[in-house]
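The sequence and structure come first, and the description follows.

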Protein chains: 4
Amino acid sequence: MENNFEHRVRTGFEKQGFMSTIGAKIEEVQPGFCRIHLPFSERVAQQHGFFHGGVISAMADNAAGFAGYSLMSSDEQPLSVEFKINFLAPAKGKLLEARGKVLRSGRRLKHVNVEVFCLDNGIETLVAIALATIASSRSVKEIPG
Amino acid sequence: MENNFEHRVRTGFEKQGFMSTIGAKIEEVQPGFCRIHLPFSERVAQQHGFFHGGVISAMADNAAGFAGYSLMSSDEQPLSVEFKINFLAPAKGKLLEARGKVLRSGRRLKHVNVEVFCLDNGIETLVAIALATIASSRSVKEIPG
Amino acid sequence: MENNFEHRVRTGFEKQGFMSTIGAKIEEVQPGFCRIHLPFSERVAQQHGFFHGGVISAMADNAAGFAGYSLMSSDEQPLSVEFKINFLAPAKGKLLEARGKVLRSGRRLKHVNVEVFCLDNGIETLVAIALATIASSRSVKEIPG
Amino acid sequence: MENNFEHRVRTGFEKQGFMSTIGAKIEEVQPGFCRIHLPFSERVAQQHGFFHGGVISAMADNAAGFAGYSLMSSDEQPLSVEFKINFLAPAKGKLLEARGKVLRSGRRLKHVNVEVFCLDNGIETLVAIALATIASSRSVKEIPG
């Protein structure tokens, strides 16, 4: 049986049309941690056949948001305040994995570290690293602040 | 007649499967400037029917990359080194527009400022602002650095 | 006569030992805007006689914090949540000027854009640009969140 | 006996007037790693007696720059391209320690992760985390790019 936070995270993820568009799936949720998978396809490619940087960023943003969401109460929603990402290596491979981990969980703000790996022929390469700030909101119409 | 840089930018953009996946189009290219449009659809939504933050980030990243590309020589390719984005308002509307403008163009690195607007019922709202570093590369296999 | 927000900002600034250490002064405060000056001296130099990058960052951080503070109520304090800075040109000159401008002022979070200029022989050069998130806090012991 | 990279890093550090102004010292240099200490004093304080955020940023920037410098050849200089920092906890204590670690070392760009700790009564607190991009330059007048 899934506990409550896991159910909320998975349900929230499934409601995002964009994650379905690119074919991303939640692999693992723990309190303060979230792991997302995305298989390679032409849909998510840039001009040289690698994962598009914008897709890598979107995966990082989402891993951060859902890692933060796992620590919120049931009447709160995660809102991305900001994030920063460094691209370390070309994302060439069959699978992209983003791992978000909450570094500090405040009442309103979560600071999240994200690592994005690309898996190819059994080799895992760190392709990007990100730092994100996620706010808790009690209204879907609210914006961070 | 399109001049050379505009042709290269538009051709590069069209080769990106991901931009086609979400339905984005280049609206304008000038030396050091690029404007991209994305109409709203369920494909690019998050759970509340707004543009997904990851999509906003991808649009910002691409506007930065192609603004930088417009200033490169014909044997160079743009590579995203890193970027940072702040989300200022919910992206609710029919159209997303990302405007990338090169602030400083060095031989190898371009510093680019990006503003992302959402248009709804004739009203334009600044929904995100980003700062990006774009590298020039002479090899498609090369990574920044 | 100074109005209330200007008095609070100037008093807060003067209490910072570090700003006195480097010789920085507030030049201008408006609602949502702050301008800080720092004359060059050996105290703030790096190894080639330019303003140190860490000093430029500190000036950017402070211009952001006090621009945000100008919009807070009298029982609130500014706290830096995070910032990002791009260095565009060497900061060689007699005076450094940081200009912080609030882009969006939420109840708890202010998004601030900062431009840092270096003045030398009457020529003004944009040497850095920053984006910062400033939180409002009601307790000096509180941390963002 | 110090090897070559350590000598260069320590000499470069000692030439920075600003590091001397605040009282910072290099504690450790390894290839791709640098650790810097700063004892608390009124000189580096903000208005509540904590380490100033600008000082924390300057320490992070420098730890990143010198970690990158440790991997450069003898005719290269480190230049900060950009960095981003998240503040996780108030920096209250007797000593600040910044640890820079190179995540990826390219020919021209180093991506560096920095953790900043505050030590108080034997307890170590992670007060900030940063991501930086450091360029190698062959000219002191050159700017990144």
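In this predicted model, 12 strands form an open sheet with antiparallel pairing, in the order S1(A)-S2(A)-S4(A)-S5(A)-S6(A)-S3(A)-S3(B)-S6(B)-S5(B)-S4(B)-S2(B)-S1(B). Its edge strands are S1 (25-30) of chain A and S1 (25-30) of chain B, each of which pairs on one side only. From one strand to the next, the twist averages 20°.

Two helices of chain A are described against this sheet. Helix H1 (residues 4-14) of chain A packs on the sheet and touches S1 and S2 (33-39) of chain A, with its direction at about 160° to that of S1(A). Helix H3 (residues 53-69) of chain A runs at about 40° to S4(A) and lies across S1, S2, S3, S4, S5 and S6 of chain A together with S3 (77-87) of chain B.

| Strand pair | Sense | Bridges | Facing residues |
|---|---|---|---|
| S3(A) and S3(B) | antiparallel | 5 bridges | A:Asn86 and B:Glu82 |

Where the chains meet, 35 residues of chain B are in contact with 35 residues of chain A. On the side of chain B that touches chain A, helix H2 (17-22), helix H3 (53-69) and S3 of chain B each supply at least two residues. The largest share of that side, 8 residues, comes from S3(B). By type, the residues of this side of chain B divide into 14 nonpolar, 14 polar and 7 charged.

Key
Residues numbered from 1 in each chain as written. Chains lettered and ligands numbered in written order. Predicted model: local features only at pLDDT ≥ 70, side-chain atom pairs only at ≥ 80, totals over all residues. Pairing = 2+ DSSP bridges. Helix = DSSP H or I, 4+ residues; strand = E, 2+ residues; numbered from the N terminus. Axes fitted to C-alpha atoms, helices over the stretch in contact; angles between N-to-C directions. Contact = placed C-beta atoms within 7 Å. Nonpolar A, V, L, I, M, F, W, Y, C, P; charged D, E, K, R; others polar.
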